[in-house]
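I opened this entry to look up how the parts of the chain meet. My notes follow the display.

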2 protein chains.
Amino acid sequence: MTGRLDERKRRMPRAERERQMLAVAEEIFAERGYQAAAMDEIAERCGVSKPMLYEYFGSKEGLLVACIRQARGQLAAATAAAVVGATDPEDALRRGLVAFFRFTDAHRRAWSLVLRNEAAVAGPAAAAEVEAVRQEQVEIDIALFAAFLPDAPRVELEAAAQVVVGACERLSLWYVGRDGDDAVSPEQAADHLMRVIWTGLSAMTRR
Amino acid sequence: MTGRLDERKRRMPRAERERQMLAVAEEIFAERGYQAAAMDEIAERCGVSKPMLYEYFGSKEGLLVACIRQARGQLAAATAAAVVGATDPEDALRRGLVAFFRFTDAHRRAWSLVLRNEAAVAGPAAAAEVEAVRQEQVEIDIALFAAFLPDAPRVELEAAAQVVVGACERLSLWYVGRDGDDAVSPEQAADHLMRVIWTGLSAMTRR
DNA sequence: GAAGTAACCTACTTCGAGTAAGGTGAACCG
DNA sequence: CGGTTCACCTTACTCGAAGTAGGTTACTTC
């Protein structure tokens, strides 16, 4: 009768405990929001006491930063994997967009932390981590655009990348909030975006 | 010697005190961030004690909501004023974009509350208020697009509006962060955005 | 099986949001 | 001018959650 209970209360090596804490924290942050999430509750659901969280993550903000950093790595891996094998720039961009939308769709809970900006409240470190996610996407877009628009001014490439990142963010929240007859798939979201921006993008060249 | 001090400590009618509190709160929220802003400090800078803030705004979140609502009204007024006298749809959209960028440029402090999503931390009411700002912009864009693309499917209009709103948000943060040689004006930001989206938008029609 | 260390806990401090209960003073009425 | 009233305002508290000090337990290693 104590077998299952012992499993929940057993001692764990640090790495494993950290993974568990991250998983639980992600869930509770997504469920309650950063502010309303209590460190005591996260600790309790881990079957551990609060000082352990502080031992491993330093602060509540540190725990949030770790969650965001993990999600950021997962997104980077997913998009990188998606773009290999693209036939041309248009195809590469579309594949990247689809991968982004699929990812945020599949990880809604975790991504509400980034998309809904729970981090701003937490403090500068968390806000910086979220900005780093966006910056990473911006860099990827700039590199892609630069490859097929070699003579467009740098500032235009940057602006275009910001447009795409901002649009992705908003579209992601938009289509996730639709159900039933109005439902929109990640692929359709990518198509909508491509339709609006692609012509303008491909015409961007030195005037 | 007490004349100036008396001015700071004088009794005020409710409406005037509320305006003062909003101004001080906006400043402190922008300066420290929502979390780090202490109600005691806001009260002190008003020359008043904390329970007065609670008397007038109910809670810390209520105070933030009031700040956001005020900014939302100002933005709505500024964009509405900008669009009158547009010669065609393209001109109307450009004017609206320029007004948005000029407004966020002029009110950086206040708009960091919206753009950097300080609200998510505060609670559901504040988050809803921020979403309402975005929703208002989306509705305006949809109405504009619908007027000159009467036969485009509704879902495409919505998607396009989300793209524009997301892009505006990101571009606003982007160009505000640039100085010196890299500086970008509100008008240039609007131009960059128009260049990327306009061709695609005007081609949007029933297939 | 003793030493050392990694994992863990109880019990506390601190700080800020929110509140209860009461004081003060200007305006208005008689 | 004396009293009443109501809006403005205060002091002094509670309460909850972040963060911490210092000690305890159990696993590893020789």
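**Domains and their contact**

I began with the division of chain A, which gives domain 1 (1-58) and domain 2 (65-202). The model I am reading is predicted. I looked up the spacing next: the centres of domain 1 of chain A and domain 2 of chain A, taken over C-alpha atoms, lie 31 Å apart. For the contact I noted 11 residues from domain 1 of chain A and 10 residues from domain 2 of chain A.

**Buried area**

I then checked the area. Between them, domain 1 of chain A and domain 2 of chain A bury about 900 Å², and 68% of that is on carbon and sulfur atoms. Which three residues supply more than any other three of the area that domain 1 of chain A buries against domain 2 of chain A? I found Leu22(A), Glu26(A) and Tyr34(A), which supply 57% of it.

I counted one salt bridge between domain 1 of chain A and domain 2 of chain A. I read Glu31(A) and Arg109(A) as forming a salt bridge, with 3.9 Å between the closest N and O atoms. That value falls under the 4 Å cut-off for a salt bridge. I also noted one residue pair in polar contact between domain 1 of chain A and domain 2 of chain A, both residues at pLDDT 80 or more.

**The domain 1 side**

Last, I looked at the side of domain 1 of chain A that touches domain 2 of chain A. Helix α2 (residues 14-32) of chain A gives the most to this side, with seven residues. I sorted the residues of this side as six nonpolar, two polar and three charged.

Notes:
Residues numbered from 1 in each chain as written. Chains lettered and ligands numbered in written order. Predicted model: local features only at pLDDT ≥ 70, side-chain atom pairs only at ≥ 80, totals over all residues. Heavy atoms only, no water. Domains from an automatic or database assignment. Contact = heavy atoms within 4.5 Å. Buried area = accessible area lost by both parts, 1.4 Å probe. Salt bridge = Lys/Arg side-chain N within 4 Å of Asp/Glu carboxyl O. Polar contact = N/O pair within 3.5 Å; in protein donor to acceptor, adjacent residues only side chain to side chain. Helix = DSSP H or I, 4+ residues; strand = E, 2+ residues; numbered from the N terminus. Nonpolar A, V, L, I, M, F, W, Y, C, P; charged D, E, K, R; others polar.
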